Amino acid sequence: MTNKPKFERSSRDPQEIKRLFRELKETGDQKIRETLIHEHLYIADILAKKYVNKGIEYDDLYQVASIGLILAIDRFDIDKGFEFSSYATPTIIGEIKKYFRDKGWVIRVPRRIQELSKKVNNARVYLSQNLQKSPTIADIAEYLEIEEEEVLEAIEASRVYSPQSLYSTFEVSNDDREVNLSDLIGEEDKHFEQIEFADFVQRVMKNLNEVEKVILIDRYFEKKTQVSIAKKLNISQMTVSRIEKKVLEKFRKEMNLK
């Protein structure tokens, strides 16, 4: 059996950790980066252990979690006001889930097709809500700005994806019993995704002008109609619609860059 490394929480003062993050942001000093990685490996260890007993060894999960930790450190902005652990956790969990997703493809499918399949599924949900009907292949292709053949390729590829049943049983270490996979899956704090989403929205909004920000907030946070927004801004509904599409395009481009 592999000896699992043990990591303890950082003994450094929280203010010292914040100082290191600020210095890393200002200087890009790789030694500081390595120090911060070492100080927070306990987070990767905790989250890797959370997902053991699901068909993948701890060592592999810990490596994936460590990659997620490094990504979080590189992306973390101390000026946002978040605690690093709250920011890092969804990033690390995202990498672990991506790893499980990749392992779930029965026939090895290129990452490009896997990611495209996810975008097609998301587009289906979005368009179904907005069009009030099931979108056609042409609708999806137009929304994602890709060829219809690519949509069909993604749909075809998704048929070889075989997620593991929640009723699959596993033996529990040091225990003479079996449990379902559903019993082993830990719940993710709903606030983690909200933090990441809020950070994503704030990042995109930096590239919006004042009118675009008003339309974004009124349409998707205040749930106002295009007509009411047009009256508020003293512009035509067609202009509101055009600007809204422009804003959504900026969000799509940002999502593709992540």
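Helices (H or I, at least four residues) and strands (E, at least two) are taken as DSSP runs and numbered from the N terminus. On this basis, the protein chain has 13 helices and two strands. The structure is a predicted model, in which local features need pLDDT of at least 70 and side-chain atom pairs count only at pLDDT 80 or more, while totals for chains, interfaces and linings use all residues. Residues are numbered from 1 along each chain as its sequence is written, and side-chain values use heavy atoms, with hydrogens and water left out.

Burial was assigned from relative accessible area (buried, under 20%; exposed, over 50%; partly exposed, in between; 1.4 Å probe, protein chains only). By this criterion, 34% of the 258 residues of the protein chain count as buried. Accessible areas come from the Shrake-Rupley method with a 1.4 Å probe, and for residues only the protein chains shown count as cover. The accessible surface of the protein chain comes to about 16700 Å², and carbon and sulfur atoms account for 50% of that surface. Contact was defined as heavy atoms within 4.5 Å. Among contacts between residues at least 6 apart in sequence, 56% join residues at least 24 apart.

Salt bridges were identified as a side-chain nitrogen of Lys or Arg within 4 Å of a carboxyl oxygen of Asp or Glu. A search of the whole structure finds 15 of these salt bridges. In one of them, K98 pairs with E95, with the closest N and O atoms 3.6 Å apart. Both residues belong to helix α5 (residues 84-103), where a spacing of three residues separates K98 and E95 by about one helical turn. K98 is partly exposed, at 25% relative accessibility, whereas E95 is buried, at 17%.

E210 counts as exposed, with 58% relative accessibility, and K213 as partly exposed, with 23%. A further salt bridge joins the side chains of K232 and D218, at 3.0 Å from N to O. Because K232 lies in helix α12 (residues 226-233) and D218 in helix α11, this pair ties together parts that are 14 residues apart in sequence. D218 is buried, its relative accessible area being 4%.

When neighbours within four places in sequence are left aside, V214 is in contact with K232 and L233. The C-alpha atoms of V214 and L233 are 8.9 Å apart in space, although the two residues are 19 residues apart in sequence. In helix α3 (residues 41-50), Y42 is buried, with a relative accessible area of 11%. The C-alpha atoms of Y42 and S66 are separated by 9.6 Å, the residues being 24 apart along the chain.

Pockets were located on a 1 Å grid over the protein atoms alone, a pocket being an open set of points where a 1.4 Å probe fits, with protein on both sides within 12 Å along at least five of seven lines; lining residues have an atom within 4 Å of a point. Grid points are joined across faces, edges and corners, and a volume is the space filled by probe spheres set on the points. The second largest pocket holds about 480 Å³ of space. It is lined by 15 residues, of which Y126, L127, Y143, K245 and L248 are the closest to its centre. Helices α6 (111-131), α7 (137-144), α11 and α13 (237-257) each supply at least two lining residues. The largest share, five residues, comes from α13. The lining comprises six nonpolar, three polar and six charged residues, where Ala, Val, Leu, Ile, Met, Phe, Trp, Tyr, Cys and Pro count as nonpolar, Asp, Glu, Lys and Arg as charged, and the others, Gly among them, as polar.

E145, in the loop between α7 and α8 (148-158), has a positive phi of about 60 degrees although it is not a glycine. E145 is exposed, at 55% relative accessibility. K223, in the loop between α11 and α12, likewise is not a glycine and has a positive phi of about 60 degrees. K223 is exposed, with a relative accessible area of 64%.
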